[in-house]
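Here's a quick briefing to read alongside the coordinates.

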Amino acid sequence: MQQIIEVIKQAFGSIPFEQLLREFMLYSTKEPWFFTEFSFLFTFGIFLFFYALLFTQNALRKIYLIAFSLFFYYKSSGPFLALFVFQIVVDFLFARRIERSEGTSKQIWMSVAVLFSLSFLLYFKYPNFILENTNWLLLTHFEPVDLFLPIGISFYTFQSISYIVDVYRGEIRSSKSFLDYAFYMTFFPHLVAGPIVRAKDFLGQINSPENLDARRYKESLFRIVTGLIKKLLIADYLGKYVDMVFENPAFYTGGENLLGALAYSFQIYFDFSGYSDIAIGLALLLGYRLKENFENPYGSSNVTEFWRKWHISLSTWLRDYVYIPLGGNRKGAFNTYLFLLITMLVGGFWHGASWQFVCWGAAHGLALALHKAVHKHLPEGKWMDFIGGIFTFSFVTFCWIFFRARDFDTALLMLNQMVMATSEVDFVGFWFSRNELAILLVTLSAWTLIPGDWKRKAFEGTFYVPSFFWFFFLLAALQLIIQFRDTLVQPFIYFQF
Amino acid sequence: MRRFYLFWAALCFIIACSALYLYSYIPSTYLFADQEIKKLFEIEKPVEQVSEIITVSKIDTIPTYVISADTAEMVYSEIPEPILPDSSVDDSTQHRVLLIGDSEAGGMKNVLNDYCQSNGHKLVATVEWASATSLNFAKSDTISKIIKRYRPTFVFVLFGLNEVLAKDYLTRKNFAKSFHKRLNGLPYAWIGPTNWGYDYVISDAFQAAADSAAFFSSKHLVLPKATDGRHPSLPGYRIWMGNVANWLQESSRWKIRMMPPARFGYPKKYKAIVLNAADYRGY
């Protein structure tokens, strides 16, 4: 006991409070806030305590949560907070105007509002892509510009567009309260990397958050703990090997390249679904429910099913705001395939300003079109689902190579290594030289074969654990992360999009 | 009661993070299933607490081994041209360079000296700690003292050859992390050891401990061997350095100018500190 008191005295005595407070209040480009930062988790605990005090005061609770969300965005993106706030104010006014307008005027206001939102995305994300291609096409010599991409801009732009379009279509009423709209846009769990939340799913919840009962409490902590483990233990661990292979594919055998691509498939899934789990868990603690973003996507038996289960908030956004407005499946078979291709091209381009992402989108668009054309002629049954599942997973993994490689040459070099320099000896060597990684890859591959229902049942089984023990789960997860983490935690992959 | 779980959840986060923070201050380290329970961060021990350390003045008395310029010129003339970097860094910063490492650093120092002088940098000192492993570099504060003494602006790190057969990833990573802290935020290039195909974990462990973009993995380089069958030959060192220079200019965390030397056998103006782990553990 004496030792514990001494340690606490020593700890508190040596804390440079002033310096810590200064560092805490200022934005640092070197240490932007992620959900995985201990400083965030500790601050969130303090925030939650006062949130509990204000929980029944509707206006105060909203203001308090908006303030924390803005502070969170400031710690992630610094001065771009001002731009974000400006966009929120303008979009709010546009939506009010659209609702009051009629006919052509309404259409014009909607177009202006959408272009306004898109203009920021185009300005920050695509100028170098445009300049490079202009140089190539017109033999001009524009210098590339050095712009910092505000974190989350792709997500909140799509979110504001969905709000504007939904108001235009009359699917929702524009929010009369600026506070409610700001709450919807700034809500920090989904702010920087999704899920892309629709106003019609969220605005209704704002004024009536659900009380945190034992079940929701356990569900929240379960999502947060699994999200942290997925990101920091699995994705970051796989990422080390992935980085090495994708950096210099020529240094590695065909088998190692193949396993590098497989590792990236799992890395991106665990990274992004881990982030989504944490976001959903944090939102649940605060009394709000965000929609699921992943539903066992690697267990899909075809590419159409894959896109119903992968990054669901983006794929449904593309369906509702690109594919269906283009005509969907209402304008004949050929046009349906064409619209699918265009939709996925937009999806690819949303991920990044490079031809690799466009090709990645095109490959998925073609696969979706092909599946739509032939699926009625395919035999059905469990074995076909199994074979289709392996085929789909292989195709998705193949496409990830273009998504992850730094350029086309590297991607082609990887494929060349896989085709020309693979032998069974590579896998034996891999097993012995990278035994832990090999075991992890085998485990994850087996895990994809487990049906989603079984996983859900296992997840619900954890609710029988008494509430008190969940503190120890959280503590154990955090210690586990310290135990295995890298010196530098990798940012979430989807922060760059 | 209505808000009980909200308060309880808040306390879970506060208490869990505080407990992990406080654990970092406990002087002793605890084990669980033979594994060290790691801390959120490590408290630096004051230098005065480390006993049996050599002083900087003692380091200065260690003899300097220098290959004469004539000999070096003769040897270099028989060596193939290095791999040329594709581009040079548009940076005229002239660095004070320090090289730290084991016997492979000893082989590399003259090649690095040529690169440094040709590119306007100054190799101020080299530490060749023969037979040393990451344990020596982690536990000893000798390197901290040398850094303090020579005030480098860029550090090259090159060790690991004596532990390429190690399989204890976490232990080696911890040693490397401890050493990494001794660099005290200086820009560096950490070169992994050659391993002739026997590397199990060491390069990965070092890369995980270092800033991965500042780590150059040498595990797949095929270099000419010296007659001892363990180190690269002099041509091997040159090819190796050519690759490192290329990486330094193109993709390392801290890019510095490192074009191939205009000539070889520059005068050796640096302080060469030679230690041997067999008689000097450093801690």
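In what order do the six strands of the open sheet in chain B run? The order is β7-β6-β5-β3-β4-β8, and the pairing is parallel. Keep in mind that this is a predicted model.

- Chain A has 497 residues, and 40% of them count as buried.
- For chain B, the figure is 46% of 283 residues.
- In chain A, 73% of the contacts with a separation of 6 or more involve residues 24 or more positions apart.
- In chain B, 80% of the contacts between residues at least 6 apart in sequence join residues at least 24 apart.

**Where the chains meet**

- Chain A puts 37 residues into the contact, and chain B puts in 31 residues.
- On the chain A side, the elements giving two or more residues are α1 (2-13), α3 (38-54), α12 (214-247) and α23 (469-484).
- Of these, α3(A) supplies the largest share, with 10 residues.
- By residue type, the side of chain A that touches chain B comes to 25 nonpolar, eight polar and four charged.

**The sheet in chain B**

- At the edges stand β7 (215-216) and β8 (271-276) of chain B. Each has a single partner strand, so one side of each has no neighbour in the sheet.
- Further in, β3(B) and β5(B) run parallel and are joined by five bridges.
- For a residue-level landmark there, look at L98(B), whose bridge partner in β5(B) is V155(B).
- Two helices to check against the sheet are α4(B) and α6(B). Helix α4 (residues 103-118) of chain B lies across β3, β4 (122-130), β5 and β8 of chain B, at about 170° to β4(B).
- As for α6(B), this helix packs on the sheet and touches β3, β4 and β8 of chain B, with its direction at about 165° to that of β4(B).

**Two helix pairs in chain A**

- Helix α15 (residues 312-326) of chain A packs against helix α16 (residues 333-351) of chain A at an angle of about 135°, with the axes 9 Å apart. That angle makes α15(A) oblique to α16(A), and the crossing is right-handed.
- From α15(A), the residues at this contact are L314(A), L318(A), V322(A), Y323(A) and L326(A). They meet F339(A), L340(A), I342(A), T343(A), V346(A) and G347(A) of α16(A). The tally is nine nonpolar, two polar and no charged.
- Helix α13 (residues 254-286) of chain A and helix α19 (residues 408-420) of chain A have axes that come within 7 Å and cross at roughly 125°. So α13(A) is oblique to α19(A) as well, but here the crossing is left-handed.
- On the α13(A) side, the contact is made by G254(A), N257(A), L258(A) and A261(A). Sorted by type, that gives five nonpolar, three polar and no charged.

**Residues worth a click**

- Most residues other than glycine have a negative phi, and the next two residues go the other way.
- H311(A) has a positive phi, near 40°. H311(A) sits in the loop between α14 (303-309) and α15 of chain A, and counts as buried because 23 C-beta neighbours lie inside 10 Å.
- R151(B) also has a positive phi, about 45°. This residue lies in the loop between α6 (142-150) and β5 (154-158) of chain B. Is R151(B) buried or exposed? R151(B) is exposed, with 10 other C-beta atoms within 10 Å.
- H95(B) is in the loop between α3 (69-76) and β3 (96-101) of chain B, and is buried, with 21 other C-beta atoms within 10 Å.
- Beyond its neighbours within four places in sequence, H95(B) is in contact with H121(B), T153(B), F154(B) and I256(B).
- H95(B) and C116(B) are 21 residues apart in sequence, with 8.5 Å between their C-alpha atoms.

Note on methods: Residues are numbered from 1 along each chain as its sequence is written. Chains are lettered from A and ligands numbered from 1 in the order in which they are written. This is a predicted model: local features need pLDDT of at least 70, side-chain atom pairs count only at pLDDT 80 or more; totals for chains, interfaces and linings use all residues. Two residues are in contact if their C-beta atoms, placed from the backbone, lie within 7 Å. Helices (H or I, at least four residues) and strands (E, at least two) are DSSP runs, numbered from the N terminus. Ala, Val, Leu, Ile, Met, Phe, Trp, Tyr, Cys and Pro count as nonpolar, Asp, Glu, Lys and Arg as charged, and the others, Gly among them, as polar. A residue is buried if 20 or more other C-beta atoms lie within 10 Å of its own, exposed if 12 or fewer, and partly exposed in between; C-beta atoms are placed from the backbone. Axes are lines fitted to C-alpha atoms, for helices over the stretch in contact, and angles run from 0 to 180 degrees between N-to-C directions. Angles under 35 degrees count as roughly parallel, over 145 as roughly antiparallel, 65 to 115 as roughly perpendicular and the rest as oblique. A crossing is left-handed if the near helix is turned anticlockwise from the far one by less than a right angle, and right-handed if clockwise. Two strands pair if DSSP finds at least two bridges between them.
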